[in-house]
Amino acid sequence: IIGAYILLRKRHEPEDFFNENNTSSDESLIDDLNIFGGNKRVITSSDFIGGKVTSFFGGSEFDLLSAEMRNKKAVIDILTIFGGSKFVVPADWNVQVDVISVFGGFTDKRNNIISNQNNKDKTLIIKGLVVFGGGEIRNM
């Protein structure tokens, strides 16, 4: 089942994503693979659209506090097996978590925000699968 999920999940990257110019921290699309390792990234894109994060026995941390969305939504597709991911998002983003957890968890640890301060026009959707791993969302 996990193998089929890896092979059949949709890709959101444009055709020129693997161009060398897209490796800077102002990238609009994340494509991250961690196997027995990890990294930390600060994303400063003015047109963040999402991406995918895959971790096997590793993890990653993404700081999106300086990122902005031009579109109304961004989608991050995650697959974590024996690993973890952490996303630090701006306080005014609406975040929807649609993650299936098997012997793991994905938690929203953002501070409570007054509902009228949330910018409902900007939604980050985090979806995917976590097996024997974890993930969290923070706003600081």
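Tutor: We'll start with the overall layout and then turn to a few residues; keep in mind that this is a predicted model.

Student: Let me pick a residue. Where is Thr 123?
Tutor: Thr 123 sits in strand 9, which covers residues 119-131.

Student: Is Thr 123 buried or exposed, and why?
Tutor: Thr 123 counts as buried because its relative accessibility is 10%, and buried means under 20%.

Student: Which residues is Thr 123 in contact with, leaving aside its neighbours within four places in sequence?
Tutor: Those contacts are Met 69, Lys 72, Lys 73, Ala 74, Asn 94 and Gln 96.

Student: New topic: what makes up the nonpolar surface patch?
Tutor: The patch is about 1000 Å², and its members include Leu 33, Ile 35, Phe 57, Phe 82 and Phe 103. Strand 1 (29-35) and strand 7 (93-102) each contribute at least two of the patch residues.

Student: Where does Phe 103 lie?
Tutor: Phe 103 is in the loop between strand 7 and strand 8 (105-108).

Student: So is Phe 103 buried or exposed?
Tutor: Phe 103 counts as exposed because its relative accessibility is 68%, and exposed means over 50%.

Definitions and conventions: Residues are numbered from 1 along each chain as its sequence is written. This is a predicted model: local features need pLDDT of at least 70, side-chain atom pairs count only at pLDDT 80 or more; totals for chains, interfaces and linings use all residues. Side-chain values use heavy atoms; hydrogens and water are left out. Helices (H or I, at least four residues) and strands (E, at least two) are DSSP runs, numbered from the N terminus. Buried means under 20% relative accessible area, exposed over 50%, partly exposed in between (1.4 Å probe, protein chains only). Contact means heavy atoms within 4.5 Å. Patches are made of residues with over 30% relative accessible area and no salt bridge: like charges are joined within 9 Å, nonpolar side chains (Val, Leu, Ile, Met, Phe, Trp, Tyr) within 5 Å. Accessible areas come from the Shrake-Rupley method with a 1.4 Å probe; for residues, only the protein chains shown count as cover. A salt bridge is a side-chain nitrogen of Lys or Arg within 4 Å of a carboxyl oxygen of Asp or Glu.
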